[in-house]
Amino acid sequence: MESHCTSPVASGLLKESSLMTASHDALVHAADGFRRIFGSAPTVIAAAPGRVNLIGEHTDYNDGFVFPAAIDLSIRVAARPRSDATLAAHASMFGATAQASLDALVPVREPGWMNYVAGTAAMLLAHGIRLRGTDLFIQGDIPVGAGLSSSAALEVATALALLSIADAALSPVDIALACQKAEHAFAGVHCGVMDQFISVLGKRDHALFVDCRSLSYELVPIPAGVRLVVCDTNVKRALTSSAYNERRADCAAGVAALSKHLPGITALRDISPEQLDRYGSSLPPNVRRRCRHVVTENARVQRSVAALRANDLSEFGKLMYQSHLSLKNDYEVSCPELDTIVDICAEEDEVFGARMTGAGFGGCAVCLVSAAHAERVAERLRTEYPVKTGRQPTVYVSTVEDGASVHPFRI
Ligand code: GLA
């Protein structure tokens, strides 16, 4: 990676920004919702986007490379300070309200979504930020549990709203890290940092190349004339299910075993494909396959960044297909529905590449396609996927948008 770059939020402390990034209508809608539940206007509205990962899956928690982009689906949090130490939150997508005291923030069984709010507050307090009691109204259009990072967006939007109300600021990277910790400690998912990172640092028409070890990052422009078609299998499998944490454990087992041959390695990031060929035979077969995915995926991300910089979409697309096969065969996190989407896309000449995106086990696939054919490919998926799988998909032709923003609200 060449350097730390600057983005609209990276250069300073993320405190306030203009009304540029979130749609004005969406903010007004959130303010109306706040009024309906809490009786008067909010003082601030924060918005944070969901994401698709273009390539670099299950590499973030192996200190590796990822290449996600923020999309035009987001979570908005409208907020206003209260005079006590209570966080009172209403999630409009669940039609539910929950409360927590800033003096005693602990994970709760129900409602699960409150863990993202309370967890984020707890991690900001741990940073020494003096939070105030706050009413929060949560609204959004990121489908929940679809692998488009609705939870990271909720954490990030909550963090920005609470920071603004506390008149405090944190760097974008610290915000992402605090939100990741909230997910570990309060939701029990040992996720990497990718989702929170892109939700904070995304930029319109750019993908974000992140080195998850050094946390350096670089925005790479996405060439004009291409679109992302995102196809939700509507197969739900909670990320908290043991499979995600199991994959992490397999990777850790691989590192422990390989370190006998390669002293000093601390993560799969430290191993080259050649070293794995040489020493991998000592690993149990499933651990070897998990390691092979991560090691080859890291190499693919680096090649895909070079391809995008060179405007070589055909090379980029090939790497997407290879990534999907590796996730299917070696990491074993795909499913027949995701494979069906990728197979349909592969039949299209105007599609550059397609793959599952996010943790897998259901969720979404992403397809890179020339803009002129995006609607047609989306329509084909809407028609063919139900015939082949017996399920209805949700298909989005997405644009790539800016990361999180916060907007003071004045009546
Ligand atoms: C989820 C996690 C991320 C990442 C992906 C898989 O989205 O939140 O940190 O590990 O799965 O690449």
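1. A salt bridge is taken here as a side-chain nitrogen of Lys or Arg within 4 Å of a carboxyl oxygen of Asp or Glu. By that criterion the structure holds 28 salt bridges.

2. On provenance: this is a predicted model, in which local features need pLDDT of at least 70 and side-chain atom pairs count only at pLDDT 80 or more, while totals for chains, interfaces and linings use all residues. Residues are numbered from 1 along each chain as its sequence is written, and side-chain values use heavy atoms, with hydrogens and water left out.

3. The protein is divided into domain 1 (24-223 + 401-408) and domain 2 (226-398), with bounds from an automatic or database domain assignment. The contact between them takes 40 residues from domain 1 and 48 residues from domain 2, where contact means heavy atoms within 4.5 Å. Taken over C-alpha atoms, the centres of domain 1 and domain 2 are separated by 25 Å.

4. Asp32 forms a salt bridge with Arg35, with 3.1 Å between the closest N and O atoms. Both residues lie in helix H1 (residues 24-38), three residues apart, about one turn of the helix. Helices (H or I, at least four residues) and strands (E, at least two) are DSSP runs, numbered from the N terminus. Asp32 is partly exposed at a relative accessible area of 35%, and Arg35 is partly exposed at 31%. The terms are set as follows: buried means under 20% relative accessible area, exposed over 50%, and partly exposed in between (1.4 Å probe, protein chains only).

5. A further salt bridge joins Glu297 and Arg355, the closest N and O atoms being 3.9 Å apart. Glu297 lies in helix H8 (residues 285-309) and Arg355 in strand S10, so the pair ties together parts that are 58 residues apart in sequence. Both Glu297 and Arg355 are buried.

6. Glu384 and Arg380 meet through their side chains in a salt bridge of 2.7 Å, N to O. The two are four residues apart in helix H11 (residues 371-389), a separation of about one helical turn. Glu384 counts as partly exposed, at 22% relative accessibility. The pair belongs to a network of salt bridges that links Glu347, Glu348, Glu350, Arg376, Arg380, Glu384 and Lys388.

7. The structure holds zero disulfides, a disulfide being a pair of cysteine sulfur atoms within 2.5 Å. Cys212 is in no disulfide, and the nearest cysteine sulfur, that of Cys191, is 11 Å away. Cys212 is buried, with a relative accessible area of 9%. For Cys364, the closest cysteine sulfur is that of Cys231, at 7.4 Å, which is too far for a bond. Cys364 also counts as buried, at 0% relative accessibility.

8. Ala359 sits in the loop between strand S10 (351-357) and strand S11 (364-370). Ala359 is buried, its relative accessible area being 16%. The C-alpha atoms of Ala359 and Val333 are 7.3 Å apart, although the residues are 26 apart along the chain.

9. On the surface, Met93, Phe94 and Val144 form a nonpolar patch with about 260 Å² of accessible area together. Patches are made of residues with over 30% relative accessible area and no salt bridge; like charges are joined within 9 Å, and nonpolar side chains (Val, Leu, Ile, Met, Phe, Trp, Tyr) within 5 Å. Accessible areas come from the Shrake-Rupley method with a 1.4 Å probe, and for residues only the protein chains shown count as cover. Val144 is found in the loop between strand S6 (134-140) and helix H3 (150-165), and is partly exposed, with a relative accessible area of 43%.
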